[in-house]
There are 2 protein chains.
Amino acid sequence: MAKQLKNLTKRSESYSQWYNDLVLKANLAEQSAVRGCMVIKPYGYAIWEKIQRQLDDMFKETGHVNAYFPLLIPKSFLSKEAEHVEGFAKECAVVTHHRLMQDPNGTGVVVDPSAKLEEELIIRPTSETIIWNTYRNWITSYRDLPILCNQWANVMRWEMRTRMFLRTAEFLWQEGHTAHETRQEAEAETVRMINLYGDFAEQYMAMPVIKGVKSATERFAGALDTYTIEAMMQDGKALQSGTSHFLGQNFAKAFDVQFSNRENKMDYVWASSWGVSTRLMGALIMTHSDDNGLVLPPKLAPIQVVIIPIYKGEEQLAKVSEKANAIVAQLKSMGISVKYDDSDNKRAGFKFADYELKGVPVRLVIGARDLENGTIEVMRRDTLEKTNLPVEGIEAHVAQLLEDIQANIFQKALDQRAAMTQEVDSYDEFKEKIEGGGFFLCHWDGTAETEEKIKNETKATIRCIPLDGDKTPGKCMVTGKPSAQRVIFARAY
Amino acid sequence: MAKQLKNLTKRSESYSQWYNDLVLKANLAEQSAVRGCMVIKPYGYAIWEKIQRQLDDMFKETGHVNAYFPLLIPKSFLSKEAEHVEGFAKECAVVTHHRLMQDPNGTGVVVDPSAKLEEELIIRPTSETIIWNTYRNWITSYRDLPILCNQWANVMRWEMRTRMFLRTAEFLWQEGHTAHETRQEAEAETVRMINLYGDFAEQYMAMPVIKGVKSATERFAGALDTYTIEAMMQDGKALQSGTSHFLGQNFAKAFDVQFSNRENKMDYVWASSWGVSTRLMGALIMTHSDDNGLVLPPKLAPIQVVIIPIYKGEEQLAKVSEKANAIVAQLKSMGISVKYDDSDNKRAGFKFADYELKGVPVRLVIGARDLENGTIEVMRRDTLEKTNLPVEGIEAHVAQLLEDIQANIFQKALDQRAAMTQEVDSYDEFKEKIEGGGFFLCHWDGTAETEEKIKNETKATIRCIPLDGDKTPGKCMVTGKPSAQRVIFARAY
């Protein structure tokens with residue numbers, strides 16, 4: 001265990017190595033024996049469970065229900081929506097057989113050639129096709145609408161270059177799939193969900209995001225419009241953290257989902273889909289953490305407060321524990337998750353480093369001398385500040401401190417983003433400055449050609465056309481042609 | 001919608017048709033376009049979520065943590081444990097390729113032959129192999145033990161004959177995988193978890209179960225011992241509802257997972273695994289429901305109480321709603337989930353039938369006359385009894401009624417099981433009586449041959465060697481050879 005605490009690469013040396021180190025050493029995840037697929041370890045999964053629970057509550061509050069659709073999708077379904085298959089065909093895991101047999105020429109098992117499927121099945125890369133094929137039987141009239149379903153599931157996209165949480169062949173996510181009477185309703189749902197994601201990112205992850213619309217090039221395969229929340233990581237790169245798609249009638253037409261409307265005429269159903277994934281874990285790490293390890297927002301920390309005793313001998317421990325247990329009980333009654341770590345096989349210094357690495361927001365240390373003095377040591381993980389405080393009333397102080405930390409790390413991320421965001425009007429200047437990272441608000445002529453040129457020459461992409469902020473028209477920094485408003489360019493994960 | 005409420009086959013006509021009808025008409029699940037895979041619809045999924053949440057809490061209370069392991073398992077892993085591969089090879093979905101391409105000879109997409117995997121991957125039928133391959137890196141010393149991990153996941157077993165919830169190619173489940181220093185500890189964990197499943201079944205599902213050990217023939221592939229909870233369905237057939245396996249050192253040896261023990265010697269790690277699945281949904285349905293639809297235990301009902309107004313005109317509705325909303329608020333504050341259905345596009349009679357079909361435990365009806373009289377109509381779903389009661393204090397009555405229903409349906413299931421359980425000592429008598437269904441406590445000589453003969457001749461299997469109850473030895477009903485104790489025979493799902 002002790003070796004885990006050493007050798008966390010500094011961010012200034014290599015940000016990407018720091019990230020990989022941290023994911024491993026904080027016991028969040030590790031590579032599995034299967035190419036591009038990770039194991040999410042218990043501590044990482046505990047954070048994901050907090051994310052899930054909160055999002056699930058927010059989905060239910062907004063009238064959504066959960067359901068479950070098959071993992072496997074008939075190959076022919078993918079082909080039904082032309083852009084969709086174009087977008088996903090190249091990264092599909094394909095099931096072709098349903099049985100193994102003893103190898104007749106050796107040991108072990110081989111695929112049984114007689115168990116070949118008539119039609120190959122694809123492990124879902126996303127579920128629009130199988131869900132819209134199902135919705136056809138659920139919808140006959142406007143009275144059956146809207147349908148507001150969500151699914152928590154695993155999906156698979158056979159990515160060539162993978163990084164834990166950020167891009168893995170298999171990942172966990174939720175995908176909402178809604179069906180509506182009118183274009184207006186479906187568009188309103190699309191926007192409502194990107195706003196919900198934005199609220200979650202900012203209020204729970206303490207991660208500021210910019211809400212906007214994707215350019216046509218960056219749209220989800222099969223969507224008429226893709227809304228996104230874009231966050232800035234500490235290295236100035238963008239991370240797309242959630243998307244919500246207005247699908248128009250594309251999937252309804254592909255799967256012939258019609259309904260009789262209020263005028264008693266048949267029409268195709270309007271759709272949205274939206275999702276966030278375990279990628280949010282990567283976003284969380286790269287927004288707040290530091291060279292000592294994770295920094296977790298209190299609202300998503302599996303352990304919000306750790307209490308560590310300092311003692312010599314059983315007798316001192318008994319006294320310290322009595323006080324500590326009283327604090328534990330009080331904090332728990334206030335809904336705060338707290339761990340009292342009196343394990344005697346690790347030294348206090350080891351524990352300090354370990355809980356710092358794990359990002360526990362508040363650490364309380366209580367020793368024999370504290371008992372005499374009526375004091376306790378409080379450390380906040382975000383600033384590493386230590387204070388000695390009266391133990392009397394410490395619970396209220398901790399509750400307030402958790403709120404302060406949540407607000408402080410949000411503000412810190414917001415300040416960093418502001419410091420690394422700039423307007424640039426000259427393409428030469430852009431090419432120079434993009435090397436330093438950050439968000440660039442630039443005018444763009446709206447064409448895919450210009451977007452492509454910028455991407456090829458600078459590796460920067462349009463992250464989004466922001467919904468809020470400056471809407472002043474101008475001239476494209478590359479072509480000088482008219483631009484409706486500034487858009488955000490950045491290099492991205 | 002109205003058509004859904006008709007044509008529920010009576011149990012006396014065809015129990016299996018009744019089951020299928022009910023699953024469809026109560027909107028629990030339906031067949032998907034993929035062979036043997038179901039869609040779990042929102043109402044069915046809401047019940048599953050209640051099951052999940054409760055089990056997850058119980059796992060955490062007993063010190064378990066959640067994690068997530070890959071969906072896909074390298075083919076070679078399966079071969080490492082001889083009995084395991086024997087058990088699962090014949091029902092594996094096999095991924096052989098990772099890309100599709102445009103069909104060069106037509107429209108649509110085909111498998112890209114250049115994207116063939118070097119080693120085929122299997123969609124997990126269960127995760128012992130991938131997990132023990134992972135544990136090898138987590139365990140070096142006894143200090144790393146025990147590991148108490150659980151995973152909520154989808155798994156796939158390519159069954160030839162499927163039935164919704166009871167046996168589907170893909171299903172949802174949880175699988176616990178624990179690692180221990182000693183045989184004793186691993187065995188104790190195995191027993192602890194079958195007891196936990198038993199408590200869950202009886203206290204939450206209101207389903208009496210018999211805990212026991214499987215015969216060698218019926219053991220999990222790779223286990224030294226399999227513990228089971230066996231429930232009796234209304235038709236007298238058994239349903240295996242949860243299993244807990246003592247795996248010995250089989251998987252540790254197959255994946256070379258050794259640790260240095262307290263004597264500083266290397267030893268193989270001891271293991272257990274245990275799981276329950278969406279099959280529990282089938283068990284729930286077939287334990288309690290009737291010809292009018294679902295009967296749900298209050299502790300797992302997504303809606304515990306429905307309130308339906310009876311009114312003419314807006315004015316009456318407003319008055320009734322005022323009273324109803326006060327009851328809703330009060331019930332919610334007591335932690336009871338309640339729905340006030342004042343939708344005006346369905347008649348009251350339709351609503352009555354619909355909530356009966358959906359198994360909502362308590363129905364309250366409030367009309368204009370009730371307002372005058374200070375009364376309310378209460379119906380309990382389990383007995384369909386209606387009572388008129390003073391509206392004053394109705395909330396406390398409802399809370400008590402929910403407890404009564406929970407207890408009553410458990411007792412009813414227990415009584416039915418008792419009525420359909422008998423000791424039989426003659427094989428001729430057994431062959432005759434088995435046609436009527438039920439559990440048969442019989443002596444058996446302990447051999448696989450006798451077990452096989454009975455199965456072939458009667459379709460009955462040994463459900464378990466019960467842990468509790470009569471341990472008197474006797475003589476095998478078939479061979480007359482010595483028997484250590486009576487075991488339970490039944491036909492099973």
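Okay, one definition before anything else: I call two residues in contact if their C-beta atoms, placed from the backbone, lie within 7 Å. Keep in mind too that this is a predicted model.

Let's start where the two chains meet. With that cut-off, the contact takes 52 residues from chain A and 51 residues from chain B. If you look at what chain B puts into the side that touches chain A, you get 32 nonpolar residues, 11 polar ones and eight charged ones.

So how are the two copies related? Chain B goes onto chain A by a rotation of 180° with 0.0 Å of shift along the axis, and the RMSD of that superposition is 0.0 Å. That's what a two-fold axis gives you. Which C-alpha of chain B sits nearest the axis? That would be the one of B:Val95, 2.1 Å away from it. And both copies use the same surface, with 100% of the contact residues of chain B recurring in chain A.

Now step back to A:Ala93, in the loop between helix H4 (82–88) and E5 of chain A. Is A:Ala93 buried or exposed? Buried: 20 or more neighbours is the threshold, and A:Ala93 counts as buried because it has 26 C-beta neighbours inside 10 Å. Leaving out residues up to four places away in sequence, A:Ala93 touches A:Ile123, A:Met156 and A:Trp158 in chain A, plus B:Val95 and B:His98 across in chain B. Take A:Ile123 from that list: A:Ala93 and A:Ile123 are 30 residues apart in sequence, yet their C-alphas are 5.6 Å apart in space.

Next, the layout of one chain. The assignment for chain A has domain 1 in two pieces, 2–91 and 128–288, then domain 2 at 303–407 and domain 3 at 421–490. Between the centres of domain 2 and domain 3 of chain A, over C-alpha atoms, there are 49 Å.

On to the sheets of chain A. One of them is an open sheet of five strands in the order E18-E17-E19-E20-E21, with mixed pairing. Which strands are at the edges? Strand E18 (338–340) and strand E21 (386–390) of chain A, each of which pairs on one side only. Ignoring direction, neighbouring strands in this sheet are turned against each other by 25° on average. Helix H9 of chain A, residues 313–333, packs on the sheet and touches strand E17 (305–310), E18 and E19 of chain A, with its direction at about 170° to that of E17(A). Inside the sheet, strand E19 (residues 362–367) and strand E20 (residues 375–380) of chain A run antiparallel and pair over four bridges, with A:Leu364 opposite A:Val378 in E20(A).

At the E22 end, strand E22 (residues 421–423) and E23 of chain A pair in the parallel sense over three bridges, and A:Glu423 stands opposite A:Leu441 in E23(A). Strand E23 (residues 439–443) of chain A has four of its five residues buried, so it is largely enclosed by the rest of the structure. Further along, strand E24 (461–466) and strand E27 (486–490) of chain A run antiparallel and are joined by three bridges, and A:Thr461 stands opposite A:Ala490.

Notes:
Residues are numbered from 1 along each chain as its sequence is written. Chains are lettered from A and ligands numbered from 1 in the order in which they are written. This is a predicted model: local features need pLDDT of at least 70, side-chain atom pairs count only at pLDDT 80 or more; totals for chains, interfaces and linings use all residues. Ala, Val, Leu, Ile, Met, Phe, Trp, Tyr, Cys and Pro count as nonpolar, Asp, Glu, Lys and Arg as charged, and the others, Gly among them, as polar. Copies are superposed by least squares on the C-alpha atoms of residues with pLDDT of at least 70 in both. Domain bounds come from an automatic or database domain assignment. Helices (H or I, at least four residues) and strands (E, at least two) are DSSP runs, numbered from the N terminus. A residue is buried if 20 or more other C-beta atoms lie within 10 Å of its own, exposed if 12 or fewer, and partly exposed in between; C-beta atoms are placed from the backbone. Two strands pair if DSSP finds at least two bridges between them. Axes are lines fitted to C-alpha atoms, for helices over the stretch in contact, and angles run from 0 to 180 degrees between N-to-C directions.
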